[in-house]
Amino acid sequence: MSTVDAALLERHGLTPDEYERIVAALGREPNLTELGMFSVMWSEHCSYKSSRVHLRTLPTAGRRVLQGPGENAGAVDIGDGLAAVFKIESHNHPSFIEPYQGAATGVGGIIRDIFTMGARPVALMNSLRFGPMDGPHGARTRRIVEGVVAGIAGYGNSIGIPTVGGEIAFEEPYTGNPLVNVFCLGLSRADALVKGRADGVGNPVYYVGAKTGRDGIHGATMASAEFDDTSAEKRPAVQVGDPFMEKLLLEACLELMKGDALIGVQDMGAAGLTCATSEMGARGGRGIEIDVRHVPQRETGMTPYEIMLSESQERMLLVVKKGREREVEEIFDKWDLHAAQVGVVTGDGLLRVKDRGTLVAEIPNVALVDEAPVYNRPMSRPAYLDEVRRFDPSPLPVADPQDALFRILSAPTVANKRWVYRQYDHMVRTNTIVLAGMGAGVVRVKGTSRALAMSVDGNGRYGYLDPRRGAMLAVAEAARNVACAGAEPIGATNCLNFGNPERPEIMWQFAEAVQGIGEACRALDVPITGGNVSLYNETDGKAIYPTAVIGVVGLIDDAALTLSRTFRGEGDAIVLFGETFDELGGSEYLKTIHAQVSGEPPRLDLRRERALIELLVRSARAGLLRSAHDCSDGGVAVTLAECAFDTGGLGCDVDLPAGGLREDAALFSESASRAIVTAAEADVSSLLQMAARAGVPARPIGRTGGARLRIALDGRLALDCDLREAERRWSAALEGYFSPTYQV
Amino acid sequence: MKFAVIVFPGSNCDHDAYHAAKHVLGHDAEFVWHKETSLKGAEVVILPGGFSYGDYLRTGAIAQFSPVMTAVREFAMAGGPLLGICNGFQVLCEAKLLPGALLRNKDLKFHCEHIRVRVEQTDTPFTLRATRGQVLKLPIAHGEGNYVADPATLEALESQGRVIFRYCDAEGRLTEEANPNGSLNAIAGICNETRNVVGLMPHPERACEAPLGSRDGLVLFDSVVASLASSGALTA
């Protein structure tokens with residue numbers, strides 16, 4: 001093919017400039033197969049061409065980091081010769097087009113990233129964002145929610161990896177573009193991490209797993225474009241997941257990795273065989289030659305173009321030592337998998353694709369992987385910011401505290417997520433020591449005294465009002481959440497969900513958010529070991545809130561000292577760490593009670609945040625705490641209620657300092673760097689001394705006990721409600737949207 | 001005491017059963033791959049939970065044809081204690097070692113949560129250390145646990161005292177809310193006519209250690225150990 005016209009380029013999502021670069025890289029015009037391969041590898045999704053210049057600024061090194069960004073997943077040292085391998089990834093676009101399969105294959109993809117590193121996946125989490133479940137698009141949104149949750153459950157439950165927690169938010173801008181971010185964590189021997197590289201000229205290249213079909217062709221390109229009303233036609237670009245196949249692949253690969261026959265392995269996810277071959281070749285500085293005739297195929301008559309671009313799920317590419325083929329094939333045979341040798345490692349650095357011996361593509365691996373264009377796209381501060389940040393709460397009426405509390409507890413973003421997590425097997429593998437919904441997800445590490453805590457957090461409204469501070473607050477909240485479980489934060493992964501980067505306002509939001517993450521991670525000493533960027537989250541020209549989701553992993557030395565959010569018994573002292581300021585900007589209160597998304601998000605003093613996190617970890621290790629809960633969404637009133645929920649009706653009686661604040665600010669302000677902890681009476685003075693040494697404001701505010709939720713401000717009772725009634729509303733709210741009797 | 005944990009492709013609670021038997025209780029335990037034909041001298045056999053063969057046909061429908069099932073059947077016929085947990089229960093029903101079938105939960109949703117079951121009979125090797133009416137807090141994790149059987153079978157199960165566990169509330173009452181999946185007669189677990197084969201949907205192996213939220217599952221393991229100790233070990 002010699003005539004590459006504008007329409008063909010557009011169908012491939014390539015610009016004329018990019019085409020010129022391709023011609024330069026090859027020294028000739030590409031044929032159609034080669035054009036297709038470049039288009040997927042140079043898509044935003046695979047090449048990070050718009051985000052790369054910004055991501056470079058993130059802190060990725062640390063004393064525990066064993067693997068930073070660049071491999072299939074990051075890894076940190078957790079002691080006892082073990083590594084925690086983890087990553088978060090988005091599957092936003094497919095989940096909107098086909099919720100069940102989109103979400104399911106997202107889970108499948110992130111699991112493959114983890115076991116590809118040689119780690120056994122032991123925990124999943126997810127961060128989900130949807131539009132409102134009522135209003136004009138409510139019915140469609142509820143269908144999407146049901147589909148996404150069922151898809152996550154269907155895949156994770158079947159493969160037998162517990163989904164131990166996560167977060168869900170409902171905001172208008174996600175109506176036409178939900179976010180499905182999935183996180184997986186695995187365990188490996190620290191000295192046995194497997195890399196995705198090809199090496200050793202003459203070594204065989206194997207293909208294992210599901211057969212290749214025509215599904216998912218140009219999935220990566222789809223994920224790099226905005227949505228419009230023709231998006232439904234893109235459904236064939238969403239793949240179908242097979243968790244059973246993946247379970248077999250997982251077990252077979254881990255069995256193979258116990259020996260030393262394997263050189264490198266990579267899953268075929270986005271950009272399929274093209275990505276796996278070129279990335280493994282580029283990382284090892286080698287070439288790979290394959291013949292597509294040997295690729296197991298599900299359909300007849302597939303062209304090399306289709307085979308190279310297919311994103312069929314549950315497929316792996318392996319490079320093994322020459323002479324060890326039999327051993328490898330036997331392991332896959334045991335698991336009823338067919339390992340097909342499709343090619344060989346070469347020394348020339350080229351990805352050479354043949355079809356029954358005839359050359360159909362020949363591209364330097366580095367051209368596909370490393371020479372994608374890097375854009376420093378123009379940025380400008382969006383005009384809307386001045387408008388939404390101009391916020392004066394004084395004309396707003398102060399809501400009745402009990403009514404406001406009940407309404408916030410019933411808001412889907414705050415309400416009990418039991419309807420969701422009950423559909424996830426969160427206990428399989430018998431490591432889950434903090435059950436879903438009870439705080440950070442915590443899994444013990446069998447064979448050691450340790451446990452790992454993990455939390456995924458983001459706040460779209462904060463990001464919208466201040467992308468930089470919103471991202472910093474997400475890092476702080478995730479780190480604080482694991483600290484509340486008693487874990488020292490040791491590593492992080494990020495999933496950056498934004499609109500169209502070709503718009504300067506979006507690019508500015510993105511750059512600001514990355515700056516914020518970098519600043520917060522440096523200050524809290526939590527390196528970023530990998531992650532994912534999802535751009536073009538727009539439908540009909542409307543972008544989502546700029547949403548940075550952060551996953552933080554924390555280490556608990558003594559699993560017996562793990563904490564959850566819930567009160568533990570009558571008569572414990574309740575202590576508030578941190579201070580409450582007049583910070584209702586962007587709060588759940590403002591949105592739910594006054595229908596406003598405006599103001600500034602809470603301020604964040606990273607020095608204070610770090611002091612709080614260290615105090616939480618130290619006091620948990622010393623055994624001084626009985627429970628701990630991060631104080632964020634809905635402020636101190638909602639936090640206290642959540643501490644009392646799931647206890648069988650153990651209430652509390654507290655007296656908070658009003659600090660000259662309006663009643664609503666004192667109760668619902670979302671000031672950062674706060675936590676509500678409980679301690680046995682005998683430990684309170686030690687705890688307060690420890691807090692004083694750490695420079696963290698700490699104040700005993702009351703006691704657990706009784707069947708009511710009683711909150712006074714400066715001695716005057718502001719809220720006195722029946723705990724069971726509050727819990728009933730909190731528990732019924734989300735489930736109500738999915739009951740057969742739900743009325744709009 | 002030696003436990004065998006059968007591993008089908010797609011089993012995923014195999015490690016949990018193994019961990020409970022070996023590391024919590026301190027017995028010998030061995031995985032037995034479904035293509036094997038011997039139970040390696042095990043005295044107790046567990047069919048674990050999971051999604052054998054992906055459960056793409058009917059749950060447990062394909063696993064019954066695995067080579068190892070011949071040995072499992074012989075073991076059961078010889079009176080050996082055989083426990084099917086969750087997917088293992090479904091496999092036992094498909095293999096006709098237990099009667100009835102498990103349909104999709106009444107709300108068509110997967111349920112993972114702690115529930116309560118009442119011990120109905122203590123004359124099986126897996127319940128002899130329990131007391132009748134004892135309420136156990138156990139996790140469930142299934143999408144297809146809705147037990148059904150034809151009226152004659154159900155009548156036989158009831159009249160022969162072969163319903164071993166029923167879903168109940170914390171006080172042991174049988175209520176509609178306490179039945180998580182719509183099972184007939186609130187049936188959570190049953191046994192065969194000779195009482196040595198027990199199947200249940202809840203996961204006792206997930207409830208053997210305090211940090212996991214319950215130790216009530218231990219009684220099934222303690223029971224089978226006691227039963228073998230008193231009867232003189234039966235070897236496959």
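In chain B, S10(B) and S11(B) form a hairpin with five residues between them. The turn holds B:Arg195, whose phi is positive, at about 70 degrees. The model is a predicted one. Strand S10 (residues 187-191) of chain B and S11(B) run antiparallel and are joined by three bridges. Across this pair, B:Gly189 stands opposite B:Leu200.

S11(B) also pairs with S4(B), here in the parallel sense, over four bridges. The bridge partner of B:Gly84 in S11(B) is B:Gly199. S4(B) in turn pairs with strand S3 (residues 44-47) of chain B. That pairing is parallel and spans three bridges. Within it, B:Val45 faces B:Leu82 of S4(B).

In a regular strand, side chains alternate between the two faces of the sheet. From strand S4 (residues 82-85) of chain B, B:Leu82 and B:Gly84 point one way. B:Leu83 and B:Ile85 point the other way, and all are buried.

The buried set includes B:Phe89, B:Val91 and B:Leu92. B:Asn87, B:Gln90 and B:Glu94 are also among the buried residues. The buried residues of H3(B) pack against S3, S4, strand S5 (101-103) and strand S11 (197-200) of chain B. B:Lys96 follows the helix and has a positive phi, near 65 degrees.

The contact between the chains takes 23 residues from chain B and 24 residues from chain A. On the chain B side, helix H1 (14-24), strand S6 (111-119) and strand S7 (135-142) each give two or more residues. The residues on this side comprise 11 nonpolar, eight polar and four charged.

Chain A contains 26 helices and 28 strands. Its radius of gyration is 26 Å, close to the 27 Å that the globule rule gives for 744 residues, so chain A is as compact as a globular protein of that length. Along the principal axes, its C-alpha atoms fill a box of roughly 85 × 55 × 50 Å. Buried residues account for 63% of the 744 residues. Among chain A contacts between residues at least 6 apart in sequence, 84% join residues at least 24 apart.

Nonpolar side chains tend to be buried together in soluble globular proteins. The largest nonpolar core of the model has 328 residues. The members that touch the most others are A:Met41, A:Ala84, A:Leu452, A:Val475, A:Ile517 and A:Leu640. Helix H19 (residues 467-484) of chain A supplies the largest share of this core, 11 residues. With residues up to four places away in sequence left out, A:Ala84 touches A:Ala75, A:Val76, A:Ile78, A:Leu185, A:Leu187, A:Leu452 and A:Val553.

Chain A also has an open sheet of seven strands with mixed pairing. The strand order is S8-S10-S7-S11-S9-S12-S13. Strand S8 (262-267) and strand S13 (358-364) of chain A are the edge strands, each pairing on one side only. The twist averages 25 degrees from one strand to the next. Strand S7 (residues 204-209) and strand S11 (residues 339-346) of chain A pair in the antiparallel sense over five bridges. A:Gly343 in S11(A) is the bridge partner of A:Val205.

Most residues other than glycine have a negative phi. A:Glu314 has a positive phi, near 60 degrees. This residue lies in the loop between helix H12 (304-309) and strand S10 (315-320) of chain A. A:Glu314 counts as buried because 28 C-beta neighbours lie inside 10 Å. A:Ser673 is not a glycine, yet its phi is positive, at about 60 degrees. The loop between helix H24 (663-668) and strand S25 (675-679) of chain A holds A:Ser673. A:Ser673 is buried too, with 27 other C-beta atoms within 10 Å.

Key:
Residues numbered from 1 in each chain as written. Chains lettered and ligands numbered in written order. Predicted model: local features only at pLDDT ≥ 70, side-chain atom pairs only at ≥ 80, totals over all residues. Contact = placed C-beta atoms within 7 Å. Nonpolar A, V, L, I, M, F, W, Y, C, P; charged D, E, K, R; others polar. Pairing = 2+ DSSP bridges. Axes fitted to C-alpha atoms, helices over the stretch in contact; angles between N-to-C directions. Core = buried A, V, L, I, M, F, W, Y, C linked by C-beta atoms within 7 Å. Buried ≥ 20, exposed ≤ 12 C-beta atoms within 10 Å, placed from the backbone. Rg over C-alpha atoms; globule rule 2.2 N^0.38 Å.
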